[in-house]
Amino acid sequence: MYYLGVDVGSVSTDLALIDKDMNLIDSLYLRTKGRPINAIQEGLKLLKDKNSNMEIAAAGTTGSGRHIASTIIGADIIKNEITAHAVAALEIDRDVKTILEIGGQDSKIIILRNGVVTDFAMNTVCAAGTGSFLDRQAERLEIPIEEFGDYALKANTSVRIAGRCAVFAESDMIHKQQLGYNDSEIIRGLCEAMVRNYLNNVGKGKEIVPKVFFQGGVAANKGIKAAFENALGFEVIVPKNHGMMGAIGAAIIARDAVAKTGRTKFKGFDLTDSKLVSTSFECDGCSNKCEVVRINENENIIGYLGDRCGKWSNKIAI
Amino acid sequence: MKVTFPHMGNIYIAAKALMDGLGVEYVIPPFTNKAALEIGSLHSPEEICLPFKIMIGNYMQAIEQGADTVILTGSCGPCRFGEYCEMQMNLMKRLGHNLDFIVLDVPLDIGAKELLNRIGKVSGASTKTKAQKLKAAVDAFKVMHLIDDIEAKARFLTGYEATKGAFKRLLNSCKAEAMNCKTPEEMLKLLYDYRSRLDKVKTDKNKKPIKIAIIGEIYTIIEPFSNLYIEDKLMDYGVSTKKTLTPSWWYKNLVLSPLKLNQLEIKRKARDYLPLGIGGHARECIGEAVLAHDEGFDGAIQIFPMGCMPEIVSKAILPKISREKDFPIMTLVVDEMTGEAGYVTRIEAFVDLLERRKNNVLSGC
């Protein structure tokens, strides 16, 4: 009996498989590449090939693509990523008080007290404090993103780089490069700029007290972790499966949901062989002109997304 | 003369009643949609706030249907809304549209004579008698109050409904049917009927729903398109909501303000945090947050358009209220973005937060 969690994010699609004792049996990290349907299908196929004869007792989806993911796999719960991350962290440690989460396109802070989320914030219109920004800069410096953190730790001093805006940070960085600073100093400066931006922007007005968990894809970056510890003045814990926390959280919530309802809505792994096609059209039922997406599995329509009134997706109340 | 007006929540229903009563030709712009926003942002100054852009979109779409006169409320208040009418007149002229703007403002700012003069422009186009005109105005105010009342009640009772979606369905059909009414009398009858029907919807009084107060900038909390239909979404989640700022509240506030008798309670509640009016509805926002806490609400959501000065001030004060009263408040800033993913995540997570808090407190008992 396994529980499946699917986290469809902007950059990556993560699948986590946990058993009833909350052990992570298998996990997959795939690039979404803007095609969530393909990523989900591919992920399920890989899971099936690796673990034969497994039985899924519950499935949950999270991430910005959680609705489309749910339509495809038949999820028991569709949960926002803030709750999913909090649930996964609390499963590891009931005493966690702050979660710093930095993903591909967004960053969040979650404040917990006594095992309950009391406050949270997400980055607003700017992406300067997110993984995409680091990705872009790593590319520019021609350093693999995996080694980015190690470079930062090598530096003795750091260069101050403006972190307010990704575009200006880049020009500031180029300017500092021209002055002759070496790569590791620049990278450490970047990490510190990003942390500064995060704390001033997302973490503004929030009381950050230990234990602090650092989750999301960016948590793999040792340079950022060090910069956080520097800025906050205490230890920041990176959980072992930091990149999978959203998917794990979704699996846990799904398990609890199925415990109440008794049976799962999960469609099974057969859909890996199906042909999934999405087509979109503009509904002309009213002046809203919603762009509706229709998802077909082979010949059958399995769901509609994007209509506000519920005319197509059969949500409640028209 | 063919009159039009910008959308703002349910105002179009009252406007229809008024114009039908007066017998003046009018155009109701298509409900605010993406096209209106696109047209509006194309022509508006880049850094102006969202309501301005949407309103321009409304005008342009109304012009396509033959509108030549815009009725707009003015304000000499200390926020950018005070400049809207002048800027919009200039903008529309520059775009080559010969629109007549009728800006209604308080007598304190433009003088009673000028106000009557401006009202005369609209009522002059009507062939009805004075008594009929007066009746049309009274009926329109009644309609405004009724529809605001119905909406408030439906949204608040949603949390208690026995059948999911019952109130939303009733509210939506009420609005749709109101638009099919031919005369103000017919509409009033319909609205009275719907109001009593609300009481007959089966509710479960033992339910303890999540209750959220919607506070913030008046336009963005009233015009559903601008806040990506937050109240409808919360209705789907079975959350009870309340918002104090409505068109009928606004009117009452306007009439009472010269006597300084307006919204005494909100002012009193806001006193500890923001004792002065600083423009827009910042003080109201603060007062409502405190009021919502005192009334036993679980949390509040503040909404404002990007760059809204008064609300930025209240946003900075809200965390203090939140801390001192142990009352969760979330702020949402709306702009031209129509991608809902991040927005829905925040709303869902906020509802989750309130739910878990509530359950936790109960389990501690």
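**Charged pairs**

Author: The side chains of B:Glu151 and B:Lys175 meet in a salt bridge, 3.3 Å from N to O (a side-chain nitrogen of Lys or Arg within 4 Å of a carboxyl oxygen of Asp or Glu). B:Glu151 lies in helix H7 of chain B and B:Lys175 in helix H8 (residues 166-178) of chain B, so the pair ties together parts 24 residues apart in sequence. Helices are DSSP runs of H or I, at least four residues, numbered from the N terminus. This is a predicted model: local features need pLDDT of at least 70, side-chain atom pairs count only at pLDDT 80 or more, and totals for chains, interfaces and linings use all residues. Residues are numbered from 1 along each chain as its sequence is written, chains are lettered from A and ligands numbered from 1 in the order written, and side-chain values use heavy atoms, without hydrogens and water.

Both B:Glu151 and B:Lys175 are buried (under 20% relative accessible area; exposed is over 50%, partly exposed in between; 1.4 Å probe, protein chains only).

B:Glu231 and B:Arg155 also form a salt bridge, at 3.7 Å from N to O. This pair links distant parts of the chain: B:Glu231 is in helix H11 (residues 230-236) of chain B, B:Arg155 in helix H7 of chain B, 76 residues apart. B:Glu231 is buried, with a relative accessible area of 8%. B:Arg155 is buried too, at 5%. Shared partners join B:Glu151, B:Arg155, B:Lys175, B:Glu231, B:Asp232 and B:Lys243 into one network of salt bridges. Over all chains, the structure holds 34 salt bridges.

Notes. Helix = DSSP H or I, 4+ residues; strand = E, 2+ residues; numbered from the N terminus.
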